Amino acid sequence: PPLLKGMAHVDILGVEVLEPTAKFSDELKFEITFQCRTKPQEDLEWRVVWVGSAKSEKHDQLLDEVLVPPELGVNKFEYVVDGPDPSKLPASEILGVTVVMVQALYRSKEFLRIGYYVKVDYEDEKLREEPPDVDRPDPALLERNILHTEPRVTRYLIEWDDIGSSASAATVSMEGVSQDGFGTSTNVASMDGIAATGQPENAAANPV
């Protein structure tokens, strides 16, 4: 059952990262399951955003956005998007830890954001131990590892048709969430790098 309960149009039952370890430029694949308590009048919008820099939002990449017609009851779909364009990322921040976010919106208002830390490194162990002295890493030699068991979930209050803004934005059921991602000593991009369009229910990202 969901860990958080509230009256809402949409309950997010789960977001599964398929193939969490892959080549850096490979497609990202998610399986999203949600439940509609009542059928929303308009489609839900889903987005995937790759945070390109911990220093500036201008390097964030919108990998894809899609409208999904919601049906009453349980809905499930596989969301496949292209990987990030490495040529648009700062050379000094390609390697290391960043964030990929799955966002859910209704009528252009974000009601849910799920962020995952992503570790990018050379696929070959020898290259990881002794990285080449180059200005920009070769993307063909890199792999990414999405820390899929430790999502960061942020919920936002929005207006749901006739329900109004006082209703809970969404209920979320996620397991295996901890506080620290890849470690508190690692500099990572902020989960708040994408401006929210709704009113945050909590001031910070909310593990559930």
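**Figure 1. Ser53 and its polar contacts.** In this predicted model, the side chains of Ser53 and Glu93 make a polar contact at 2.7 Å, a polar contact being a pair of N or O atoms within 3.5 Å, where within protein one must be able to donate a hydrogen and the other to accept it, and where residues adjacent in sequence count only if both atoms are side-chain atoms. A polar atom of the Ser53 side chain also lies 3.5 Å from the backbone nitrogen of Ser56. Ser53 belongs to the loop between strand 4 (44–51) and strand 5 (61–68), with strands (E, at least two residues) and helices (H or I, at least four) taken as DSSP runs numbered from the N terminus. Because its relative accessible area is 6%, Ser53 is buried; buried means under 20% relative accessible area, exposed over 50%, and partly exposed in between, with a 1.4 Å probe and protein chains only.

Residues are numbered from 1 along each chain as its sequence is written, and side-chain values use heavy atoms, with hydrogens and water left out. As this is a predicted model, local features need pLDDT of at least 70 and side-chain atom pairs count only at pLDDT 80 or more, whereas totals for chains, interfaces and linings use all residues.

Figure 2. A cavity is a set of points, on a 1 Å grid over the protein atoms alone, where a 1.4 Å probe fits but cannot get out, and its lining residues have an atom within 4 Å of a point. The count comes to 1 cavity of 30 Å³ or more, and the largest cavity has a volume of about 40 Å³, where grid points are joined across faces, edges and corners and the volume is the space filled by probe spheres set on the points. The residues that line the largest cavity are Phe24, Trp50, Gly52, Leu89, Glu93, Ile94, Gly96, Thr98 and Val120. They divide into 5 nonpolar, 3 polar and 1 charged, with Ala, Val, Leu, Ile, Met, Phe, Trp, Tyr, Cys and Pro counted as nonpolar, Asp, Glu, Lys and Arg as charged, and the others, Gly among them, as polar.

**Figure 3. Val99 and Gly52.** Val99 sits in strand 7 (residues 96–106) and is buried, because its relative accessible area is 0%. Although Val99 and Gly52 are 47 residues apart along the chain, their C-alpha atoms are separated by 8.1 Å.

**Figure 4. Gly83 and the residues it touches.** Gly83 is placed in the loop between strand 6 (73–81) and strand 7, and it counts as buried because its relative accessibility is 17%. Leaving aside residues up to four places away in sequence, Gly83 touches Ser25, Asp26, Glu27, Leu28 and Leu63, a contact meaning heavy atoms within 4.5 Å. From C-alpha to C-alpha, Gly83 and Asp64 are 9.6 Å apart in space, and they are 19 residues apart in sequence.

Figure 5. His9 is in the segment before strand 1 (10–18) and counts as buried because its relative accessibility is 3%. Its side chain makes a polar contact of 2.4 Å with the side chain of Thr38.

Notes: 1 Å grid on protein atoms, 1.4 Å probe; cavity = no way out; pocket = protein on both sides within 12 Å on 5 of 7 lines; lining within 4 Å.
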